[in-house]
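Me: I would like to see how the terms in a structure description follow from their cut-offs. Please take them one at a time.

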Amino acid sequence: MLQIRRKNSDKGPLWLVEQKYTVGNDAKCDIKVTGLTGSEHAHLLVEGDTVVVLNLRKDANIRVNGQVIADRQDVKAGDTLFFAGEEYELIDPKSTIKSSEALVPVQPQGWSLKALNTGLADKQFPITGSHVLGRSKECDICLGVVHLSRQHAKITVTEHGLQVQDLNSSNGTYVNGKKVEAALVHPGDELSFDTLRFRVFGPQLDEDKTMMRPDENLTTIRPAVDVNAGKHANRSSKPSAAKRKPARPSVSAHSNAQVSSHGADSSTSPTEAAKSSNALMLLGGLAVLVGAGLAWFFLK
């Protein structure tokens, strides 16, 4: 994936991640050039590592390597484009990184954002000081993605981590999937600007390893307890049953017989008592009948 950058400018390059970019003097153009006529003077069509330049006005204001483009022309990394006198160059970041690595020693303690989207092909953006990220070519980190705001977010290096401030963007800034207005991010966090996702790398973090934070909701498992060992210990510590419980005195068969016979003599069963009561009532009734009969006989 290529970049386009204006020469002799302090602004960062524009990543060519979309399929088409407009060039003209209108503020809505992706590359604004005040010297051009019309709102859209030219188009850049991106096809992998090749870019096609279309001169919509077919004039001499669009040139490649000093040659006027009458209609269209393929350009590649290293070519120079002229838009009404303003000079731009196409850059291959892979070649730039390789050449810089050969000249500058690697500083693994620095902060950086590594792209997770396939469109950015694992590009890594160093973060030093304070950077504004967005779609505008005036941003420190310029990404030509339509979903980004022109000035989407501000990233600042602090002693406690990276401070991220959303700049009232249309589609939001996210840390580990949660939308934030401002947040402090650390190595291993995932930082997203709408659909663009980045992994945060920083001090004490290997580039190829992601630091995992402990999960507060993680269930911990205690060491297993040897149940058999506990049983053996309990057996050895408990006294025997003979020592704990004294033997009850035995009762002789003769004593049991005496208790049984005594209970039989001193009590009457309920059935026998009911029979005796019924017999007395019957005898009383017969006596009343006989007396009544005799009285009637003598009175007559």
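Reply: What follows sets computed values against definitions, one question at a time.
This is a predicted model, in which local features need pLDDT of at least 70 and side-chain atom pairs count only at pLDDT 80 or more, while totals for chains, interfaces and linings use all residues. Residues are numbered from 1 along each chain as its sequence is written, and side-chain values use heavy atoms, with hydrogens and water left out.

Me: How many helices and strands are there in the protein?
Reply: The protein has five helices and 22 strands. Helices (H or I, at least four residues) and strands (E, at least two) are DSSP runs, numbered from the N terminus.

Me: What is Glu190 in contact with, leaving aside its neighbours within four places in sequence?
Reply: Contact means heavy atoms within 4.5 Å. On that basis Glu190 is in contact with Leu116, Tyr174, Val175, Asn176, Arg197, Phe198 and Arg199.

Me: With which side chain does the side chain of Glu190 make a polar contact?
Reply: The partner is the side chain of Arg197, at 3.2 Å. A polar contact is a pair of N or O atoms within 3.5 Å; within protein, one must be able to donate a hydrogen and the other to accept it, and residues adjacent in sequence count only if both atoms are side-chain atoms.

Me: What makes Asp79 buried or exposed?
Reply: Asp79 has a relative accessible area of 10%, so Asp79 is buried. Asp79 sits in the loop between strand E9 (72–75) and strand E10 (80–83). Beyond residues up to four places away in sequence, Asp79 touches Val64, Asn65, Tyr88, Glu89 and Leu90. Glu89 is 10 residues from Asp79 along the chain, and their C-alpha atoms are separated by 6.0 Å.

Me: Which side chain is joined to that of Asp79 by a polar contact?
Reply: The side chain of Asn65 is joined to that of Asp79, at 3.2 Å.

Me: How do you know whether Ser169 is buried or exposed?
Reply: Ser169 is at 14% relative accessibility, so Ser169 counts as buried. The loop that holds Ser169 runs between strand E17 (161–166) and strand E18 (173–175). The side chain of Ser169 makes a polar contact with the side chain of His152, at 3.3 Å. A polar atom of the Ser169 side chain also lies 3.1 Å from the backbone nitrogen of Gly172.

Me: What makes Val164 buried or exposed?
Reply: Val164, found in strand E17, is at 0% relative accessibility, so Val164 counts as buried. Not counting residues up to four places away in sequence, Val164 touches Lys154, Thr173, Glu181, Ala182, Ala183, Val185 and Leu191.

Me: What share of the 300 residues in the protein is buried?
Reply: Buried residues make up 30% of them.

Me: How many residues of each class are in the lining of the second largest pocket?
Reply: The lining has seven nonpolar, three polar and nine charged residues. Ala, Val, Leu, Ile, Met, Phe, Trp, Tyr, Cys and Pro count as nonpolar, Asp, Glu, Lys and Arg as charged, and the others, Gly among them, as polar.

Notes
Buried means under 20% relative accessible area, exposed over 50%, partly exposed in between (1.4 Å probe, protein chains only).
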